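This report looks at selected local features of one protein model. The sequence and structure come first, then the notes.

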Amino acid sequence: MKKILLQIVFFLSATIAMAQTDIQFSILKAEADGMSASVTNALDLKLRQVFDHNGAGAADLYNVFAIEPTISVEKIISTKDGVVLDVPIAQGELVLIAKNIIDGAEYYSTSIELEGESLGSKDKAMKSMIKGIKVTDPAYKQFINTARKKIEEYYSTNCAFILQKAKALYNQHRYKEAISYLSAATANIPCYDQAYALQEQILAKLGTKPDTVIVEKVVEKPVVVEKVVEKPVVVEKIVEKPVPAEAPAAPKCEITISMNDLEFRILSCKGEPTQRRITIKAEYVNQNVNIANGDISLDVVIDDNGKELPRENKAVIANGSSYEWISMPARVNLKHDFYIVNYDHPIETISYMKLKVRNGYVEVRNLKVDW
């Protein structure tokens with residue numbers, strides 16, 4: 001038992017040490033006026049590939065360090081392709097900002113020039129520029145290294161604030177976020193000892209300690225059992241017919257679907273206060289036999305205060321992405337979970353949600369959360 005406990009402690013300590021030297025980043029979806037969802041998703045996928053290649057991509061839903069990207073087309077120029085053809089070339093830039101989604105701190109930003117063919121629409125030009133991004137480009141590695149250094153410098157000069165914020169997360173039972181928030185507290189900062197002690201305190205809350213039971217020598221005394229003669233009792237056999245359990249009632253809400261060949265309903269909407277997460281379970285049916293795949297995305301959420309939640313509060317898969325491309329066989333009951341995460345107050349009623357399912361939109365109004 002002692003050996004197992006030592007192994008657990010060693011594993012958690014190694015996890016803390018690794019986190020302190022290798023800060024990981026989540027990728028926020030780019031938000032810009034006039035940018036289509038297909039461009040946003042293409043950029044999101046490419047940046048995830050870039051950061052995974054450089055060992056800096058985070059898949060943890062509770063990771064607090066993030067990259068906020070912005071892409072723009074600056075100008076269109078004309079160049080020669082071969083001898084005769086004029087090929088319009090789009091020139092633009094990709095701006096990356098390393099930030100903290102808990103306290104809003106921005107640590108470092110960089111601008112990287114992009115270029116691609118501009119044949120057709122602005123969307124096609126952007127997609128061409130995104131396609132031209134190389135995961136091996138040293139500019140991204142340099143950005144990651146500099147961002148990590150800037151984060152360490154920020155933590156060193158704002159030690160008291162970091163501890164105060166981490167303790168606030170701890171008091172709100174947001175343990176995993178607090179661990180991620182403290183992961184940049186290296187041995188070089190003045191309050192390292194306090195940060196490390198707080199990390200251990202939080203890990204104790206997350207872990208489970210086995211109870212130790214000491215068993216002394218047990219002396220069994222013989223038990224004398226008198227012989228009992230029981231008279232048989234005639235019992236009539238009662239056959240009970242099983243009563244099927246009623247399915248839980250679906251939450252009341254107003255649902256509007258933009259497509260006639262798509263069915264959609266909400267099965268449940270439950271709040272999980274310890275994880276600061278609301279899980280919305282839904283069921284849908286694709287009635288179009290000509291479509292076998294499609295998008296699932298959570299585009300808009302407005303809480304009970306009339307406030308629209310930012311992209312980082314919405315997810316359709318466990319790693320926090322608000323978009324997924326999945327198989328949708330026709331005439332099959334399919335289920336999917338949607339998540340609202342890291343909200344700033346317990347939401348009693350979701351005033352409005354806009355979801356994309358396949359190529360249609362589903363609007364949900366006045367959905368009550370079951371806490």
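This is a predicted model: local features need pLDDT of at least 70, side-chain atom pairs count only at pLDDT 80 or more; totals for chains, interfaces and linings use all residues.

Phe161 lies in helix α5. Neighbours within four places in sequence set aside, Phe161 is in contact with Asp103, Tyr154 and Tyr181.

## The disulfide

How many disulfides does a search of the whole structure find? The search finds one. The disulfide joins Cys159 to Cys191, with an S to S distance of 1.8 Å. Cys159 lies in helix α5, residues 159-171. Cys191 sits in the loop between α6 (175-182) and α7. The pair therefore ties together parts that are 32 residues apart in sequence.

The link of Cys159 and Cys191 is left-handed, with -90° about the S-S bond. Is Cys159 buried or exposed? Cys159 is buried, and Cys191 is buried too.

The cut-off for a disulfide is 2.5 Å between the sulfur atoms. Cys269 is likewise in no disulfide. For Cys269, the nearest cysteine sulfur is that of Cys253.

Accessibility separates the two residues. Cys253 counts as partly exposed because its relative accessibility is 26%. Cys269 counts as buried, at 3% relative accessibility.

## Helix α7

Helix α7 covers residues 192-206, which makes 15 residues. From first C-alpha to last, α7 reaches 21 Å. That is close to the 21 Å expected at 1.5 Å a residue.

Which residues of α7 are buried? They are Ala195, Leu198, Gln199, Ile202 and Leu203. These residues cover an arc of only 140° around the axis, which puts them on the same side of α7.

## The five-stranded sheet

Five strands form an open sheet in the order β5-β13-β12-β8-β10, and the pairing is antiparallel. β5 (254-257) and β10 (323-327) stand at the edges. Each edge strand has a single partner strand, so one side of each is left without a neighbour in the sheet. With direction ignored, neighbouring strands of this sheet are turned by 20° against each other on average.

Glu254 has Arg365 as its bridge partner in β13.

Key: Residues are numbered from 1 along each chain as its sequence is written. Side-chain values use heavy atoms; hydrogens and water are left out. Helices (H or I, at least four residues) and strands (E, at least two) are DSSP runs, numbered from the N terminus. The expected span of a helix is 1.5 Å times one less than its number of residues. Buried means under 20% relative accessible area, exposed over 50%, partly exposed in between (1.4 Å probe, protein chains only). The arc is that of the directions from the helix axis to the C-beta atoms. Contact means heavy atoms within 4.5 Å. Two strands pair if DSSP finds at least two bridges between them. Axes are lines fitted to C-alpha atoms, for helices over the stretch in contact, and angles run from 0 to 180 degrees between N-to-C directions.
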